[in-house]
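Below is a set of questions and answers on one protein chain.

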Amino acid sequence: MTHTERLAAFLGELAYADLPASVVTRTEELFLDWLGSVLASDGSHPIPLFHAYAQSMGPPEGRARVLVAPYGTSAYFAALVNGAASHLVEQDDLHNSSVLHPATVVFSAALAAAQDLGKSGQELILAAVAGYEAGIRIGEFLGRSHYRIFHTTATVGTLAAAVAVGKLLDFDREQFIQVLGNAGTQAAGLWEFLRDAADSKQLHTAKAAADGLLAAYLTAQGLTGARNILEGEQGLAAGLSTDADARRLSDRLGQRWALLETSFKFHASCRHTHSAADALLDLMQRERLAPDDIAQVTARVHQGALDVLGRVEVPRTVHQAKFSMGTVLGLIAVHGQAQLGDFATAALNDPAVAAFRARVGMRLDPEVDAAYPQRWLGRVEVTTRQGAVLQGRIDEPKGDPGNTLDRAELEDKFRRLVAFAGKRTPADAEALIARAGRLRECVDLHCFT
């Protein structure tokens, strides 16, 4: 069998009883984290544009729900809007070695389909695990070269979403081969949007979730797809990668649960900024430095950070500020954190943050680059006003599996995300936390809307 066929066989045979307890628990935690990211975006640009499109083009009602609006629609349009919403505030999870944000595409598609099909919480959990396990391995397969031009969550996300929905549709091995073909041929998403502070990142995740669902529903109807869309001569790797490794597609299936390797995001910014942010915060606390004590900061980074963050010099929007290393480190230095409220109030308007941003640079570091993407090391070099040169370093940023957010921290993050939008009460937040913690017992998945 090809590696794609091995992956499809694993997906077709995977059952809820096969899932270790730790995987089920972590899936519930990832779902809560995703739900918070969706709700935090309520009312923020450009999400209302996706609502307007769904309401003008979709059915007037349906079994699937848009989580940040009081209406039901088709599964396709629910996946579209929820996919856009869950990636806006930059708080959704990330898997290191695949450089994939799985939740925003997997849960957006899977919850919409599960509501449409009348599935249970256990069935949603199984579908999500399948989407994570497939999506992470496909991201690793496409390699570092893919990410330089293509937004992996948009491209690979289409396949991850399709797999999750395919599991809800009870696909067998052959149908998973077909759905990968139908999803893979739609995969798209380019980083160029960052230069213009464009809104396309939300279109990326919206389309990945919706198009993955589309691929699965059409495959269920009998639409065939390319059998070797990943490894073929004119497939994804041939067109979108120069360092693809097909062995990653079937890496320890059923033994290595890649979902458990997923990181939660602590800072409300691009994940490429987190390691340097943690290293700077640790250094400033250790050396008791104030922002004005610092003359220069050099973040020593991997090439992926340069490729993504190097496009933003002076941010023009809050979202673009989350991809500015100088702005993120400025918030850390001046305010001691880089949470959603800090970006809303200080990222563009605080003169102290702007002044600090001008003193921040990035440099490729061989050690950091060699470890990436398996490990995201944090290294900063700080020159003080007195001329001292100090080094800050962390090996696991806050949120990584080895330095993860515990349940209490995840719940606290969820409360902050819900409060940020200001559309739900603290009692609403507590009720959702309790429901997400019992997702495996849930019979009606409309309880989250």
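The model is predicted.

Q: What radius of gyration does the chain have, and what would a compact globule have?
A: The C-alpha atoms fill a box of roughly 70 × 50 × 40 Å along the principal axes, and buried residues make up 60% of the 449 residues. For a compact globule with 449 residues, the radius of gyration would be near 22 Å. The chain agrees with this, because its own radius of gyration is 21 Å.

Q: How many disulfides does the count come to?
A: A disulfide needs a pair of cysteine sulfur atoms within 2.5 Å. The count comes to zero disulfides. For Cys-442, which is in no disulfide, the nearest cysteine sulfur is 3.6 Å away and belongs to Cys-447.

Q: Is Cys-442 buried or exposed?
A: The cut-off for buried is under 20% relative accessible area. Cys-442 has 10% relative accessibility, so Cys-442 counts as buried.

Q: What is the volume of the largest pocket?
A: The lining has 20 residues, and those closest to the centre of the pocket are Ser-44, His-45, Leu-88, Val-318 and His-319. Both α13 (318–321) and α15 (340–346) supply at least two lining residues each. By class, the lining has 12 nonpolar, six polar and two charged residues. The volume of this largest pocket is about 360 Å³.

Q: How many charged residues are in the lining of the second largest pocket?
A: This pocket has a volume of about 160 Å³. Its lining includes Glu-261, Arg-375, Asp-395, Glu-396 and Asp-400, as well as His-95 and Trp-376. Two lining residues are nonpolar and four are polar, while the charged residues number five.

Q: Which residues lie closest to the centre of the largest cavity?
A: There are three cavities of 30 Å³ or more, and the largest holds about 80 Å³ of space. Its lining divides into six nonpolar, four polar and four charged residues. Of the 14 residues that line this cavity, the closest to its centre are Leu-94, His-101, Tyr-147, Trp-191 and Cys-270.

Q: Why does Cys-270 count as buried?
A: A residue is buried if its relative accessible area is under 20%. Cys-270 is buried because its relative accessible area is 4%.

Q: Which elements give two or more residues to the lining of the second largest cavity?
A: The second largest cavity has a volume of about 60 Å³. Among the residues that line it are Ser-275, Ala-276, Arg-300, Val-301, Gly-378 and Arg-379. The lining has five nonpolar, four polar and three charged residues. The elements that give two or more of these residues are α11 (274–287), β5 (294–301) and β7 (378–384).

Note on methods
Residues numbered from 1 in each chain as written. Predicted model: local features only at pLDDT ≥ 70, side-chain atom pairs only at ≥ 80, totals over all residues. Heavy atoms only, no water. Buried < 20%, exposed > 50% of the residue type's maximum accessible area, 1.4 Å probe, protein only. 1 Å grid on protein atoms, 1.4 Å probe; cavity = no way out; pocket = protein on both sides within 12 Å on 5 of 7 lines; lining within 4 Å. Points joined across faces, edges and corners; volume = space filled by probe spheres on them. Helix = DSSP H or I, 4+ residues; strand = E, 2+ residues; numbered from the N terminus. Nonpolar A, V, L, I, M, F, W, Y, C, P; charged D, E, K, R; others polar. Rg over C-alpha atoms; globule rule 2.2 N^0.38 Å.
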